[in-house]
Amino acid sequence: APGSAPYQASGFLVSSIFDTGTDQTHYASFTWGATTEEQVTGVKFQIAASNTNDENTVWNFNGPDGTAGTFYEISGTAINSENNNMRYVRYKAYLTTTDPQKTPMLSSVSINYVSGCPTPGQVMFSGLTADEDYTITVNDDPDYMLNNVNINGYFISQITLQ
C-alpha cells in the first residue's frame, strides 16, 4: 500500500540444525558479521543445542549466561558451557529497527567448536572409568611416564617435550 513502511519493527530467524558429528562437542565462541546502524537497528542471538536433530524437539534457546533471558550481542562472545556435550546446534537471530526505512543486514554466522578430538598438540582419552588408576607414557627421548593417575572429572596434565 502507498505510504506503508517497508520494514517491520522486529523479526527473527531460526537456523537449520547443524551436526557437529559427536556428542563430545565443546562450543567455544559465537561470531557473526552484521551491518547495523547504531541506535536504529540491531542484531542479537541465542543458541540451542541438543542430542537429537528432530525439528519438532523443543529447542531451548539461551544466551551467554545459559538462560532464555539473555542474548549474544557482541560477536566473539564465549558460548555458555550448558551447550557442551550436545551433537546438534542451531541459533536464533533477532533483528530489530526503530526506523521503518532501515533494516539490519546479517552477512555471516559462525559457531566455533572442538568436536570429538582435541586441538593439535593435545590428546584426549574418552571412556575412562572414574576412580581408576592409569599410567600415561609419552614416547620421546627420553620417555616420560606419569604413574597412578586417578581420573575423577577432568584431569589435565601438561608435559613439556624437548
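**Sheet**

I looked up the open sheet and found 3 strands in the order 5-3-7, with antiparallel pairing. Strands here are DSSP runs of E, at least two residues long, and are numbered from the N terminus. I counted two strands as paired if DSSP finds at least two bridges between them. The edge strands are strand 5 and strand 7, since each pairs on one side only. F30 stands opposite T77 in strand 5.

**Ground rules**

I am working on a predicted model, where local features need pLDDT of at least 70 and side-chain atom pairs count only at pLDDT 80 or more, while totals for chains, interfaces and linings use all residues. Residues are numbered from 1 along each chain as its sequence is written, and side-chain values use heavy atoms, with hydrogens and water left out.

**Salt bridges**

Side chains of opposite charge can pair when their charged atoms come close. My criterion was a side-chain nitrogen of Lys or Arg within 4 Å of a carboxyl oxygen of Asp or Glu. How many salt bridges does this rule give? The count is 3.

For accessibility I used relative accessible area: buried is under 20%, exposed is over 50%, and partly exposed lies in between (1.4 Å probe, protein chains only).

**R87 and D19**

I found a salt bridge between the side chains of R87 and D19, at 2.7 Å from N to O. The pair links distant parts of the chain, 68 residues apart. R87 sits in the loop between strand 5 (77-78) and strand 6 (88-97), and D19 in strand 2 (residues 18-19). R87 is partly exposed at 28%. D19 is also partly exposed, at 42%.

**E37 and K102**

I noted a salt bridge from E37 to K102, with the closest N and O atoms 3.2 Å apart. Both partners are in loops: E37 between strand 3 (25-35) and strand 4 (41-50), K102 between strand 6 and strand 7 (105-115). They are 65 residues apart. E37 comes out partly exposed at 35%. K102 is partly exposed at 29%.

**E55 and R90**

I found E55 in a salt bridge with R90, the closest N and O atoms being 3.3 Å apart. E55 lies in the loop between strand 4 and strand 5, whereas R90 belongs to strand 6. The separation is 35 residues, and this pair too links distant parts of the chain. Is R90 buried or exposed? R90 counts as buried because its relative accessibility is 5%.

Methods. Helices (H or I, at least four residues) and strands (E, at least two) are DSSP runs, numbered from the N terminus.
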